[in-house]
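Hello,

As promised, I am handing over the structure we talked about. Please have a look, and then read my notes below.

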Amino acid sequence: MTNRVATLDSSFDKSNEAQAPEHLSDLLVRLSRTSDSKITIRDIAVALQDRSFGAFLLVFALPNLVPLPPGATFILGLPLVFVAWQMIASPHGRVYLPRRIGDYGFEPQTFDLIVKRIGPWIKRAETLVVPRFWFLGTRFSERLLGVYALFLAVIIVLPIPLGNWPPAFALAIIGFAHSERDGAGVIVGCLVGLLSVAIAGFIVCTAGALFSLVF
């Protein structure tokens, strides 16, 4: 396992990532072609390096954008809390996954099929999200973004009626922009996050006022 991680780490060179990061869609295609054995979640995290924070934020935010029964966001929001905390605490500069989660993998044919299915959608989104104004080049600045992402993730977990979708949408924007090193996109996501906090606060205050009137 260690040798494979080291091989992937050297294969996905970071030397030019700061100036011209590889598109997420292209990286996934290349990953699907670099292995003839099972591709694990850990392999994906290693290939993405520090961009794994954004990619996993996006992946875990998307299920929270689908209408769900009450209480479901408590379960689906916990992975977002985990990833946001990793942005703050990870000593590796990328998502660190518990062994059981990291070892979960896909057969090469299955992974290739997944990439072919989602690739066109990602490519369309990549026409809007491009590398620009990148201001998160240090772990300190990334940790600050992690604190903000953690705050939004906690709001998603809380049982706030209609208050979970907006912060999930904000984290999806931040995650995708982060994975593409789009500083402008990250800023847009942060602004959407501020709006989502205001919406959640308004809902909580309104519910509190109604509760006080009734009781």
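How much accessible surface does the protein have, and what part of it belongs to carbon and sulfur atoms? The accessible surface is about 11,700 Å², and carbon and sulfur atoms hold 71% of that (Shrake-Rupley method, 1.4 Å probe).

A word on the basis: this is a predicted model, where local features need pLDDT of at least 70 and side-chain atom pairs count only at pLDDT 80 or more, while totals for chains, interfaces and linings use all residues. Residues are numbered from 1 along each chain as its sequence is written, and side-chain values use heavy atoms, leaving out hydrogens and water.

On the overall fold, the protein has 10 helices and 2 strands (DSSP runs, numbered from the N terminus: H or I of at least four residues for helices, E of at least two for strands). Their order along the sequence is α-α-β-α-α-α-α-β-α-α-α-α. Of the 215 residues, 45% are buried (under 20% relative accessible area; exposed is over 50%, partly exposed in between, with a 1.4 Å probe and protein chains only).

Now the rings. There are 2 aromatic pairs (Phe, Tyr or six-membered Trp rings with centres within 6.5 Å; planes under 30 degrees apart are stacked, over 60 edge-to-face, the rest tilted). W165 and F169 are stacked because their centres are 5.2 Å apart and their planes meet at 15°. Both lie in helix α9 (residues 165-179), 4 residues apart, so about one helical turn separates W165 from F169. W165 is partly exposed at 43%, and F169 is partly exposed at 34%.

Best wishes
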